[in-house]
Amino acid sequence: MKQDPIAKKDSHVKVDQKKTKAHASEPSTARLIMDALEQCVIYWSATGICELHNRRTFEVLELEPKHIGEGTPLEEFLTMGRDRGEFSTAKLRELLDMFQLTRPFQYDCQMPSGRVVAAKVRPMRGGGHVVTLSDVTEARRAVAALNVAKAEAEKAERKASEVLEDERARQREASLLAQMDEWLQSCKSLKELFDIVTTFMCKVLPGTRGQLFIYSNSRDVLEVACAWNCGSDQDNVAPDSCWALRRGRSYTYDPEELCFVCDHVKDAHSKEKKADIYLCVPIVAHGDTVGLLHLEFVDESRNPGVIDAPAFITRCGEHISMAIANVKLRDELQDQSTRDSLTGLYNRRYFMNALSRELAQTASRQGNFALLSVDADKFKNFNDEHGHDAGDVVLEAIAEKMLALDADGAVVCRVGGEEFSILLPATDRTRASEIAEELRANIAEMRVKYVGGPLPKVTISAGIAIYPTHGTQAKELIKAADTALYAAKKDGRDKWKIAEGDGMIEF
């Protein structure tokens, strides 16, 4: 029996309707995909109404179904987030304004549990916005930890860099001090030492100006020995006018600190001008204060490579002190080895060296010089009658007259007992004769007192030899001058004679 086509068609329609109803009750593929996402997804319509969200919304945002669903207004949802502490009121107003724009943006939500949820908002072409929210708590913690580690690493790097820079600066300071020491220890006089100090300070500390003062022989004032970068107008300093000298240690004056200006600095500045930062360092040699190093800081930025300028300058003062002590000690030893202890004149050893140098120099320039041999007349009798102490006083007086001669470059020596020699560079026989007569007359007019009473008149006899007339060797000149001296004594004393060929001529 054949089935009615119309009845067959109706049965198919009923089957299709059942299938459609069954499919309508099942979730769509898009819904299944959205619910499978790890992220929370919410779609807000152009009018600000929730039209779609996935199940992860409740878990990610820590919400219940009553808090959000299809038809929930955006402003109500955001206000609820503000009330839950996810963001501030100011942030709420900012978000509402941002949702009115047509550009993507993002923001963070701080969940009640402490988790951090990052929201990314993308506008749709036809209006509305798709919002994806992700739990970024661990990622943020990792970033924060990374930032902390990075900051610590940068801090450690800066610290290491500072330590390295400090070490380099200290090495540079040590190198500079070593260089200064090398030069200072090579000095053969205080003048050379002062020149080195001036050059060193100008090069190493161009942002300072200062002076080095040294005690005068009377010890009542310190006189300027050298200055750099214009120094100051101080020519001398009274010992009690400096806090460093009075306190016996370095003194730094800073107008911003509780400090007092040294009197010698007050005197050097006008009343209108405020004193700059300065440093005073006592110069101590073998436990004895011999001077003062004074520096003013006029431009600290011009002192690169020096970590602590006051400390560095203090160390410079210590090195200068040692150098001055060494030079003074060397001078003392030199004096002891080359000078007569009684008269202060050069001794025979120095005289022979000076004569050798003068012979070489005069020969090279083909010039001349004179040599005087001088002897106190009847000095042995004088000692026998008045005592050796009185004789020493007379020898000292004779030495003073010799040193007072108007003769440039004269080398005056006591070669033994009452015997003296005078070397006169670049001097001919005429000038030598004038000097011999001046010395004879001055000593003859001399009146010496001893123990309150006058001593008898003292006279001298002298002999003159001229280079190269009377010899080209030291022994020849000394013999010629001594021969002339003996002739003067033989001829009555209190006179001088000059060697002339094989005989003598009296003047």
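## Helix 13 against helix 14

Ile398, Lys401 and Met402 of helix 13 meet Leu439, Asn442 and Ile443 of helix 14 (contact: heavy atoms within 4.5 Å; helices: DSSP runs of H or I, at least four residues, numbered from the N terminus). By class, this contact has four nonpolar, one polar and one charged residues. Nonpolar covers Ala, Val, Leu, Ile, Met, Phe, Trp, Tyr, Cys and Pro; charged covers Asp, Glu, Lys and Arg; the others, Gly among them, are polar.

## Basis

This is a predicted model: local features need pLDDT of at least 70, side-chain atom pairs count only at pLDDT 80 or more, and totals for chains, interfaces and linings use all residues. Residues are numbered from 1 along each chain as its sequence is written, and side-chain values use heavy atoms, with hydrogens and water left out.

## Burial of helix 14

Buried residues in helix 14 include Ala432, Ile435, Leu439, Arg440 and Ile443 (buried: under 20% relative accessible area; exposed: over 50%; partly exposed: in between; 1.4 Å probe, protein chains only). Their cover includes helix 13, strand 12 (369-376) and strand 14 (419-424) (strands: DSSP runs of E, at least two residues).

## Cysteines

The whole structure has zero disulfides (cysteine sulfur pairs within 2.5 Å). For Cys259, the nearest cysteine sulfur is that of Cys262, 9.9 Å away. Cys259 is partly exposed, at 22% relative accessibility. Cys262 is buried, at 0%. Its closest cysteine sulfur, in Cys242, is 4.1 Å away, too far for a bond.
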